[in-house]
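Take a look at the structure below. We will walk through a helix, a loop residue and a patch of surface.

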Amino acid sequence: MPSPFPGMDPFIEGQLWDDFHHAFIEGIREALMPKVRPKYLVMVERRVYLERTVSDHQPLSTTPIRPDVTIAKERESVGVAVAVAEKVGVEVTAKTFVVPLPIPERVEEPFITIRDRESREVVTVIEVLSPANKRANSDGRREYLQKREAILMSGVHLVELDLLRGGERMPTREPLPAADYYALIAHAQRRPHALGFAWTLRDSLPTIPIPLKEGDPEVALDLQGVFATVYDRAGYDYMLDYGREVEPPLSEEEKAWVKQVLEKARQQK
């Protein structure tokens, strides 16, 4: 089943982003490979880092709700601690408690490289931003910005896709036009300028140019086509809960529009 929305499905970001992120990257690879072979390879690679506490007062998890099972386990742990102390004859006079410790989380983020088939030289990097890349003061953002700067100072092309409404945008010298989603194509020979695409929740995803080695023509990447294929193959039409609120929250005008889209889709079934 196709998505009821003309472009990005706003329910994916708050419900199934990790699954979509991996599937969309694989979809880009599948779409590009026939267009660049046999001269180029399209490879999915991974960036690995440790994500620590975002700040002294903000844990890595941004979910404010603590499941009942977590609270129950904490109470059980306190009870066990008291029982053990009493068993060995130690009088419990101090307050017992359970406190979480800041343990780093190992994170793997996929991205795409287009490489020269003969030399294996990286020609183009395609990044689909993750929530960690856009979370202020996070290791994920620092790791990504360091890599971004290294690419921009090299002879490698960078294609950066921001399909997330939430989080902080990537730094640019001038403000981006108002929109929900962005694509930046930073051609190595045209920097510091980058070609930008901006679109809203109500628009279809654009077709963007993917630069290759000098002398080879750019190839077109139909982002809407990739999205439609991924949505259908993954079965997001029944995996997503369209009865939940969209995250991040929408404006009242956008909520009304989303409601109309879903109602129209229900009537057409």
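Contact here means that heavy atoms lie within 4.5 Å. Keep in mind that this is a predicted model.

Start with Lys134. Lys134 sits in the loop between β3 (122-128) and α4 (139-152). Is Lys134 buried or exposed? Its relative accessible area is 2%. Buried means under 20%, so Lys134 is buried. Which residues touch it? Set aside the neighbours within four places in sequence.

Next, find helix α7, residues 252-268. Helix α7 has 17 residues. From its first C-alpha to its last, α7 reaches 25 Å. That is close to the 24 Å expected at 1.5 Å a residue. The buried residues of α7 are Glu254, Trp257, Val258, Val261 and Leu262. They cover an arc of only 130 degrees around the axis, so they lie on the same side of α7. What do these buried residues pack against? Their partner is α1 (10-15). Now turn to the other side of α7. There, Glu252, Glu253, Lys259, Gln260, Lys264 and Gln267 are exposed.

Phe97, Val99, Leu101 and Ile103 make a nonpolar surface patch of about 500 Å². Where is Ile103 found? Ile103 belongs to the loop between α3 (68-87) and β2 (105-116). Ile103 counts as exposed because its relative accessibility is 68%.

Conventions: Residues are numbered from 1 along each chain as its sequence is written. This is a predicted model: local features need pLDDT of at least 70, side-chain atom pairs count only at pLDDT 80 or more; totals for chains, interfaces and linings use all residues. Side-chain values use heavy atoms; hydrogens and water are left out. Patches are made of residues with over 30% relative accessible area and no salt bridge: like charges are joined within 9 Å, nonpolar side chains (Val, Leu, Ile, Met, Phe, Trp, Tyr) within 5 Å. Accessible areas come from the Shrake-Rupley method with a 1.4 Å probe; for residues, only the protein chains shown count as cover. A salt bridge is a side-chain nitrogen of Lys or Arg within 4 Å of a carboxyl oxygen of Asp or Glu. Helices (H or I, at least four residues) and strands (E, at least two) are DSSP runs, numbered from the N terminus. Buried means under 20% relative accessible area, exposed over 50%, partly exposed in between (1.4 Å probe, protein chains only). The expected span of a helix is 1.5 Å times one less than its number of residues. The arc is that of the directions from the helix axis to the C-beta atoms.
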